[in-house]
Amino acid sequence: MNATTLPLGNSSTPGADHGWRTAAIGLLAVRFVQGWIYWGGATRRFIYGPQKLDPHGHWMAYKFQTAMPGALLGMDHVVAFMLHHFYLLYAGVIIFSAVELVAGVLLLAGLYTRLAAFITIGLSTVLMLLFGWQGATCIDEWTMASSNFAMGVALLLVGSGAYSLDNWMLSRRPELAQKTWFRWIGGSLPLPLSDDAFKKFALVLLGIAIAFIVSTYSYYRGSVVTPFHGGPVSPGKHHLALDHGVLSNDGSVQFHAYVNAGTPATPSHVMRAVLMNRQTGAVIETWGTSVLAAIPQSNVQNDFAYQKFKVGKFGIFGGVGAMATIHLPSMITGQTLPPGQYVLSLTSVNEHVWKLPMALTE
């Protein structure tokens, strides 16, 4: 039984089934590309780059952590929780990669095409929520996730057409054409919906796609109802969030730092730290590059085991997503600081400055 003689849908419009099948064949390139993207991403980890799944090396947990600063809908808390629970983190990475692999293979083969397309919509949504903000020159991850989302919607609606294992299965077992479950998860036949119901379903999916894509774009870049902006979280310019500052009267300083913006490709370097009196602006003590480079690594207590703050020859540096409590030893000897208002200033290699107010009380 060939593709043109298979049982078709229940459309009441003459020639509609032919139009559907033509559309499905026209989307073969979309199905192949969508399948290849997810198959390729998974096989890079399972086959061609297995070090990405090796927890003893620079594995996927590092990339996962870089998503935290701009993750949406509380996903940063989910990431942080998983980073603190290794077995949950490892299982999550393996399962996500395995789902990518299965969905990719199914799309490439045209097997259970609509089910595979639906899975890729879910994967695209998760990737958007986690990594959509990233891309130093443009929001590359947003572009990829939004495109994959739309491709998944198109394949869910239209299916796989004649050139698929779904169609081969139907040619061997024509009775599958009467099975509602096969019509919904396969791709060789139109969905078991009337023309009106199919139109409504398609418009609902369109509305979801528009709301999801436009709202995330507006959040990341504006240019919809607000002026263009670089995003609440910059994917190209490093930023340090400083808090929990503790100043001792001997001049030692302790604070918590978080690299909450920037490109994951390069770390943020702090080359100078200065403690000043907030009222007078007088410099109390300075930690230059050579001093910071000589601080023991034990003075840096990292929150996570992957992206870390470290001490190097150019001072203190940390990758995107790194969090740590850092202790700077006193640079004044034989003196005690009087009570008052102070501010700690950190300067990066790019002359970016971050400040943390501190108070020293009796």
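Student: Is Thr-66 buried or exposed?

Tutor: This is a predicted model, where local features need pLDDT of at least 70, side-chain atom pairs count only at pLDDT 80 or more, and totals for chains, interfaces and linings use all residues. Residues are numbered from 1 along each chain as its sequence is written, and side-chain values use heavy atoms, without hydrogens and water. Buried means under 20% relative accessible area, exposed over 50%, partly exposed in between (1.4 Å probe, protein chains only). Thr-66 has 3% relative accessibility, so Thr-66 is buried.

Student: Which backbone oxygen does the side chain of Thr-66 reach?

Tutor: Thr-66 lies in helix α3, residues 60–66. At 2.6 Å, its side chain reaches the backbone oxygen of Lys-63.

Student: How many residues are in the largest nonpolar core?

Tutor: A nonpolar core is a set of buried Ala, Val, Leu, Ile, Met, Phe, Trp, Tyr and Cys residues joined through side-chain atoms within 4.5 Å. Leu-89, Phe-255, Phe-309, Ile-326, Leu-328 and Leu-346 touch the most other members of the largest core, which has 82 residues.

Student: Is Val-224 buried or partly exposed?

Tutor: Val-224 sits in the loop between α10 (195–221) and β1 (239–247). Its relative accessibility is 42%, so Val-224 counts as partly exposed.

Key
Helices (H or I, at least four residues) and strands (E, at least two) are DSSP runs, numbered from the N terminus. A polar contact is a pair of N or O atoms within 3.5 Å; within protein, one must be able to donate a hydrogen and the other to accept it, and residues adjacent in sequence count only if both atoms are side-chain atoms.
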